[in-house]
Amino acid sequence: MPVQPLLVLRGVSKRFAAVQALVDVELEIRAGEVVALMGDNAAGKSTLVKVISGVGPADRGVIEWQGSAVQIKRPQDAQVLGIATVYQDLAMCGNLDVVGNLFLGREIHRLGILDEVEMERRTRELLHTLSIRIPDVRVPLATLSGGQRQVVAITRSFLSAPRLLLLDEPTASLGIEQTSQLLDLIEQLRDQGAGVLLISHNMGDIKAVADRVAVLRLGRNNGVFDVNTTAQEQIISSITGAADNAAGHRPTRPEEAWP
Amino acid sequence: MRWRETRARAADAAPGAGRRRDGRRWYAGRLRAYAVAVRRRLHEGDLGPVPPLLALAVTWIVFQSLNDNFLSPRNLSVLSVDIVGTGMIAVGIVFVLLIGEIDLSVGSLAGLAGAVFAALNVNLGMPEWLAVIIAVNCGAAAGAIHGFFFAKIGVPSFVVTLAGLLAWNGLMLYLLGPESSINFSEDELVTTLTSRYFSAAVAIYGLAALGTAAYLFVSYHDRRRRGAAGMPYRPVREIWARTALVAVVAFATVYVLGRFEGLPLALLIFLGVIIASDLFLRRTPYGRQVLALGGGVEAARRAGVDVARVRISVFLGSGTLAAVGGLFVASRLTSATQVPGSGMLLINAIAAAVIGGTSLFGGRGSTWSALLGVLIIQSIASGMALLGVEPAVQFMITGGVLLTAVVFDTLARRAAESGGRS
Ligand SMILES: Nc1ncnc2c1ncn2[C@@H]1O[C@H](COP(=O)(O)OP(=O)(O)OP(=O)(O)O)[C@@H](O)[C@H]1O
Ligand SMILES: [Mg+2]
């Protein structure tokens, strides 16, 4: 019996008032696999992440989790499945400290009273195991640098040992050392059997950790490539639209074909 | 009265470090750590309770130097009861401001609660306790309605509560009838709220001692837990210094008020509400979510916070506290009148929260600011009355203080925004 993929999207479409952000998008992520999602600006990558994380559910389409259809209508639904997300805009509360942000929405409490000591202890422990350095876990997040906040957002996504991790341009403001550290963390998580969806514009990072690359172009699939066997030029031309690979992967109606 | 703990003690993080090091070096280290913390807070524009405390001190010194009776036990005793009605309402406003919204209906709701109580108890002869419960629940229900329209329909809170201001004021006028006031009988539950004093020395000094001991116990307990978990904790000296401060304030209050009629029941209830709501805000998951909403609604939503529920409950709480405050105001006047709905109560309650240091921009503040702010406002009013200055001047001065507070708040916000952003 074949192992069911962790997550399958079929025919996902989403429309904002004037913009058709996603059109019949398909995506498959297996357990123990890193899938990169690439595409030009406004290709719909972040929109797709928000569909999966329940922040902005799709208008149409099916989401299958380990072979059975699921409804992800709210962020809580995704959390229950074990989906953790690092958003492109981070989405953290500047007035709360690092501990408060990490545990927001899943606070540890004893008899209804927040257990700050336990939360701080776990925060330090997690930072330690991820070998991430944050000078003080009790300063408001707004006082950290952009890169540090990104690191906190990444740390938060590792808090509850996710089964599927969605990373929307997580390396955007990271230094060289922090980036390679994150790539190590991604590999560790994959080796533990989780699935990872990594959005990045950096071909180097993707070559380093991803197994497959899915390309979105103008809200549509434009090919899925094996990172190890595909030439970089081919992926790039698929991103920019110099090549229309969609035909090989799903039936394309004539009017949709690249001229 | 902790706004936020000072934390810059990575230097002596190891358990027992304080004891092992020799005194002078240890002190130098601590001082440096404090300097760093203070500079950081200045940079963030977060001065906690310092500005309102300074403002209160200046107010008291100025009025005392102009009139010897200002800090007399009698005047302070009257002041300590006068602040309660507005203060209760201000506590609810603090919660609303924390989620970055505004509630303009609280004055009308306070008036409505008084009118509902009077109509049921005085006019219809309903037992007092039942009338009180119904009056408070009216406030809660009205608040929940505002919350519903804001959170579920998406009407701006400003407009919803402005409609509430008009509508509930209308209902109050209707209930009060053509005479537009209903007098209470003396010596009953509601009038007792602001006329009962505890003067037995054993009881009131015992209470001050108990409060201090509780503070000490909680601090030590926290320290022990943090130490056991291998985390930085407050040094013993700091705990004792803070406890000494708490003791001084508690015993001085009891001493001064004890020299007049004693500790007012109203003040005790007010302090109880502030302490409870402060713990609620800082120590419960729900309070954490209230703060999170002020820091970023979308971030809170994505973290799985039920935004609509928190919003509705905050407006419900604001309406409830407005009704409670209204009963205290009515109790002070021993009648239900149009006064609370007149607008001054609303203005003072919002001004108190802001002057006390709660940010208008959401996410930053404490319920203690309701106490500090209302003390400042009421002190100005009381001092002016003692000096025989007309209310016109009092309004102008209070307006100036409010503007100063908002300027501080805005500058603090700008400092925080430009603080560490890359
Ligand atoms: N909340 C929204 N309201 C209206 N339009 C939106 C919204 N979010 C995204 N869009 C539109 O959807 C399209 C896809 O946006 P999306 O953010 O998914 O792109 P992206 O691939 O993540 O781009 P980038 O690389 O710049 O992050 C864009 O045309 C954008 O304008
Ligand atoms: Mg994006």
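Strand 9 (residues 164-168) and strand 10 (residues 195-199) of chain A pair in the parallel sense over five bridges. Strands here are DSSP runs of E with at least two residues, helices are runs of H or I with at least four, and both are numbered from the N terminus. Two strands count as paired if DSSP finds at least two bridges between them. Within this pair, A:Leu165 has A:Val196 of strand 10 as its bridge partner. The model is predicted: local features need pLDDT of at least 70, side-chain atom pairs count only at pLDDT 80 or more, and totals for chains, interfaces and linings use all residues. Residues are numbered from 1 along each chain as its sequence is written, chains are lettered from A and ligands numbered from 1 in the order in which they are written, and side-chain values use heavy atoms, with hydrogens and water left out.

Axes are lines fitted to C-alpha atoms, for helices over the stretch in contact, and angles run from 0 to 180 degrees between N-to-C directions.

Contact means heavy atoms within 4.5 Å.

A:Arg212 lies in strand 11 and A:Glu33 in strand 3, so the pair ties together parts that are 179 residues apart in sequence. A salt bridge is a side-chain nitrogen of Lys or Arg within 4 Å of a carboxyl oxygen of Asp or Glu. Over all chains, the structure holds 28 salt bridges.

Chain A also has an open sheet of four strands, in the order 2-1-4-5, with antiparallel pairing. Strand 2 (19-29) and strand 5 (68-70) stand at the edges with a single partner strand each, so one side of each is left without a neighbour in the sheet. Neighbouring strands here are turned by 30° against each other on average, direction ignored. Strand 1 (residues 7-16) and strand 2 of chain A pair in the antiparallel sense over seven bridges. A:Gln20 in strand 2 is the bridge partner of A:Arg15. Helix 1 (residues 45-53) of chain A lies across strand 1, strand 2 and strand 4 (60-65), at about 115° to strand 1.

Chain A also meets chain B. The contact takes 40 residues from chain A and 35 residues from chain B. The two chains bury about 3,100 Å² between them, 55% of it on carbon and sulfur atoms. Buried area is the accessible area (1.4 Å probe) that two parts lose on being put together, summed over both. Four salt bridges are counted between chain A and chain B. In a salt bridge between B:Arg288 and A:Glu116, the side chains meet at 2.5 Å, N to O. Helix 4 of chain A gives the most to the side of chain A that touches chain B, with seven residues.

In chain B, B:Ser199 is found in the loop between strand 2 (197-198) and helix 9 (201-228). B:Ser199 and B:Ser181 are 18 residues apart in sequence and 33 Å apart in space, C-alpha to C-alpha. Leaving aside neighbours within four places in sequence, B:Ser199 is in contact with B:Ile204, B:Glu261 and B:Gly262.
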